[in-house]
Amino acid sequence: MNKLTGFVDLTSNEISVLREATAFPRRFDARQDLIREGDTPGPVFVVLDGWVCRYKILPAGTRQIMAFLLPGDACDLHMGMFPEMDHSIQALTPARVAVIPQADMHRMMEKHRGIARAMYMAQLVDEATLRAWIVSMGRRSSVERIAHLVCELYLRAHGSGLVTGSEFALPLSQIILADTLGMTPVHINRVLKELRLAGAMKLARGSLTIIDPIRLVQIAGFDENYLHRRLGQPVIATAESGHD
């Protein structure tokens, strides 16, 4: 809900409609697929709790993660127009996911313009995020790549209410980060150590702490414009207001 209200001022009636549509979520275990490549597209998924990802398995058996879905994120708004899924969606942690039939979602959007506008804006931001990931994979160095992803996930987690101060739970193993960033787990480990020694951030036991947000932003060359948030100040630059 927070994500959509971050794009559009929804009416109380529209908020009630959304709450009703997501009132009976399904539970998924960690590493359980919501839907797989080749399946017939089904409902619209809305993540209510937990972390979910989009991924694709290559012929050699390697995996590429193409997106992370956090609480408030929806996916497959228009996939029903295609005959089959071209990627898979999996829960990375135990997750609660609302499963809304395509027909119900389309009726909701036709009847409530605010919901339709918010859903379309959310989809556009997802596409902008994918473009930012392509730039990272093609042009950013390994240390810039990890720093940029951390900045993005911090802001998105903050918008989902998952952040406490400069720290938040990041339930992503080094293998998952490697599959996301096109690196090996050994290389990921080396770069995480480099960022820790630089005094920018540290990742330990599934918890990420941003030690120096300004330093981290500088290393990443991070510009949050592609997230299109409606906030006055970049949260990442004020995570530790006492830092000088």
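1. Helices here are DSSP runs of H or I with at least four residues, strands are runs of E with at least two, and both are numbered from the N terminus. At 7% relative accessibility I35 counts as buried, where buried means under 20% relative accessible area, exposed over 50% and partly exposed in between, with a 1.4 Å probe and protein chains only. Leaving out residues up to four places away in sequence, I35 touches T40, P41, G42, F45, D76, M85, S88 and I89; contact means heavy atoms within 4.5 Å. The C-alpha atoms of I35 and I15 are separated by 27 Å, although these residues are 20 apart along the chain.

2. A word on provenance before going further. This is a predicted model, in which local features need pLDDT of at least 70 and side-chain atom pairs count only at pLDDT 80 or more, while totals for chains, interfaces and linings use all residues. Residues are numbered from 1 along each chain as its sequence is written, and side-chain values use heavy atoms, with hydrogens and water left out.

3. On to the overall layout. The chain is divided into domain 1 (4-121) and domain 2 (141-227), with bounds that come from an automatic or database domain assignment. The C-alpha centres of the two domains lie 24 Å apart. Across the boundary, 12 residues of domain 1 are in contact with 15 residues of domain 2.

4. Now the interior. A nonpolar core is a set of buried Ala, Val, Leu, Ile, Met, Phe, Trp, Tyr and Cys residues joined through side-chain atoms within 4.5 Å. The largest one has 44 residues, and F68, I146, F168 and L172 touch the most other members. Elements giving two or more residues to this core include β4 (52-57), β5 (63-69), α4 (113-139), α5 (142-159) and α7 (185-197). The largest share, 10 residues, comes from α5. This core also draws at least three residues from each of domain 1 and domain 2. A second, separate core of 21 residues includes I100, M109, A122 and V125.

5. Which residues does I146 touch, not counting residues up to four places away in sequence? They are L181, M183, I188, V191, L192 and L195. I146 lies in helix α5 and is buried, with a relative accessible area of 3%. I146 and I134 are 12 residues apart in sequence, and their C-alpha atoms are 13 Å apart in space.

6. S142, V143, I146 and A147 of α5 make the contact with H187, I188, V191, L192, E194 and L195 of α7. By class, this contact has 7 nonpolar, 2 polar and 1 charged residues; Ala, Val, Leu, Ile, Met, Phe, Trp, Tyr, Cys and Pro count as nonpolar, Asp, Glu, Lys and Arg as charged, and the others, Gly among them, as polar.

7. Some backbone and loop details to check on screen. R31 has a positive phi of about 70 degrees although it is not a glycine; R31 is in the loop between β1 (26-28) and β2 (33-35) and, at 68% relative accessibility, counts as exposed. R205 has a positive phi of about 55 degrees, again without being a glycine. R205 is in the loop between β11 (201-204) and β12, and counts as exposed at 89% relative accessibility.

8. Is V8 buried or exposed? V8 counts as buried, at 10% relative accessibility, and lies in the loop between α1 (2-5) and α2 (12-21). V8 and M109 are 101 residues apart in sequence and 14 Å apart in space, C-alpha to C-alpha.
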